[in-house]
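Me: I have a structure open and would like to learn how to read it. Can we go through it feature by feature?

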Amino acid sequence: MSTATPAAGHRHAAKVAGAVAVRAEQVGKVFAGRGGDVVALQDVSMSVAPGEFVSLIGPSGCGKSTLLRLVADLDAPTSGSLEVFGRTADAARRAQDYGIAFQSAGLLPWRTVRGNVELPLELHGANRRLRRARADELLALVGLADFVQSYPHQLSGGMQQRVAIARALAESPSLLLMDEPFGALDEMTREHMQTELLRICAETRAAVIFVTHSVPEAAYLSDRVVVMSPRPGRVQEIVDVGLGEAFRREAALREDEAFFRAVTRVREALHGVEPASRAAAGDTEEPTAGWHDDGPAVDLNADEPAAQRNGEPTVGPNGERPVEPNGEPPVGPNGERTAGRSPGTPAAAPGAER
Ligand SMILES: Nc1ncnc2c1ncn2[C@@H]1O[C@H](COP(=O)(O)OP(=O)(O)OP(=O)(O)O)[C@@H](O)[C@H]1O
Ligand SMILES: [Mg+2]
């Protein structure tokens, strides 16, 4: 895109050349509580290449939001290491390497649509003319050119979500972190937003980490899908979707046999079905296709017993959420239990506080 702010240009120049977008090595996160410690993540190793679209999928409470929050430097790991473009998550946050869009759009109701998108730029000192040009460009990109002067309450949920995505893109982030951003949308709007998101990715070439409970959504959007197992959250398997580069996909792919096969592969990985049984069940693909991650520093934890194989509930084929095995109330999609900081709100935009 053409109207990156001067700050954005400087920032990209400062990135470590050749660095992967995100590299997590043996990342662990333990929450200490009165009732004992909760191991939210254990030995999570994964990587995301620049421009790559990676989804996180797994049962409620398996640590997807926690992992995203660690990458966003909204919280710190208790073990292991995390790099964003070759630097610490903290340094990446200061450099505004990423934009965040979470499930609730988190728009400021007293600001216009344009004012909401301008906010991160305003916070970082971009002048009025630049802010307006950038906001209007992004709002056109997400199909809201006619609504720049509207207020959030005058928009539908899907339109508000698009404003949130435009806001997340405001500073030309090289990495987009999205936590169930389309969770509240009806199926048609959701499909439309998925197509839009890929189009935006094609233009911006941002890497994306996208949390979802929907298997078809993960398959349609992603280059790779990281399937996580429940507490302690681990990487159970990484599925290479194998549908060509994600950002080049078109809506017609949804009716393609190759897409159905990809959905099946992700679903089976989620349910812990072994590749061999898949072959026996008539999956005629190369036995190894899609089951190995070629990216750097990926730990498949292949020898770990998948919790689903032990009869624990998992996410349903259409992304429906299971009841927590121990009857605990599920954690909100944005990990709301973390007091005081709602990452979907502008106040928590990278670099906007702390
Ligand atoms: N701030 C916190 N304090 C204590 N425990 C937490 C906190 N945030 C998350 N947890 C715990 O960490 C685990 C993972 O939570 P997380 O929100 O990352 O799950 P999730 O995979 O995003 O779930 P969902 O699909 O329901 O959004 C849960 O057991 C949760 O109770
Ligand atoms: Mg969550």
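Predicted model: local features only at pLDDT ≥ 70, side-chain atom pairs only at ≥ 80, totals over all residues.

Me: Which strands make up the open sheet of six strands, and in what order?

Reply: The order is 6-7-8-3-9-10, and the pairing is mixed. Strand 6 (98-102) and strand 10 (234-240) are at the edges; each has a single partner strand, so one side of each has no neighbour in the sheet. From one strand to the next the twist averages 15°.

Me: Which helix packs on the sheet and touches strand 3, strand 7, strand 8 and strand 9?

Reply: That is helix 2 (residues 64-71), whose direction makes about 150° with that of strand 8.

Me: How do I see what mixed pairing looks like, strand by strand?

Reply: Take the pairs in turn. Strand 9 (residues 224-229) and strand 10 run antiparallel and are joined by six bridges; there, valine 225 has valine 239 as its bridge partner. Strand 3 (residues 53-57) pairs with strand 8 in the parallel sense, over four bridges. Strand 7 (residues 175-179) is also parallel to strand 8, with five bridges between them. Isoleucine 209 of strand 8 stands opposite valine 54 and is the bridge partner of leucine 177. Between strand 7 and strand 8 the chain passes through helix 7 (residues 187-204), a β-α-β crossover that is right-handed.

Me: Is strand 8 buried or exposed, and on which faces?

Reply: In a regular strand the side chains alternate between the two faces of the sheet. For strand 8, both faces are covered: Ala207, Ile209 and Val211 are buried on one side, Val208 and Phe210 on the other. Five of the five residues of strand 8 (residues 207-211) are buried, so the strand is largely enclosed by the rest of the structure.

Me: What is the order of the open sheet of four strands?

Reply: Its order is 2-1-4-5, with antiparallel pairing. The edge strands, strand 2 (38-48) and strand 5 (87-88), each pair on one side only. Within this sheet, five bridges link strand 1 (residues 22-31) to strand 4 (residues 79-84) in the antiparallel sense. Glycine 28 has serine 79 of strand 4 as its bridge partner.

Me: Now a helix by itself. What should I check in helix 5 (residues 128-141)?

Reply: Helix 5 has 14 residues and reaches 20 Å from first C-alpha to last, close to the 20 Å expected at 1.5 Å a residue. Arg131, Arg134, Ala135, Leu138 and Leu139 are buried in helix 5. These residues cover an arc of only 130° around the axis, which puts them on the same side of the helix. The buried residues pack against helix 4 (113-123) and helix 6 (157-169). Just after helix 5, glycine 143 has a positive phi of about 75°.

Me: How much of the protein chain counts as buried?

Reply: Of its 354 residues, 48% do. The chain has 10 helices and 10 strands. Among contacts with a separation of 6 or more, 75% come from residues 24 or more positions apart.

How values were computed: Residues numbered from 1 in each chain as written. Chains lettered and ligands numbered in written order. Pairing = 2+ DSSP bridges. Helix = DSSP H or I, 4+ residues; strand = E, 2+ residues; numbered from the N terminus. Expected span 1.5 Å × (residues − 1). Buried ≥ 20, exposed ≤ 12 C-beta atoms within 10 Å, placed from the backbone. Arc of directions from axis to C-beta. Contact = placed C-beta atoms within 7 Å. Right-handed = clockwise from strand over helix to strand, strands pointing away. Axes fitted to C-alpha atoms, helices over the stretch in contact; angles between N-to-C directions.
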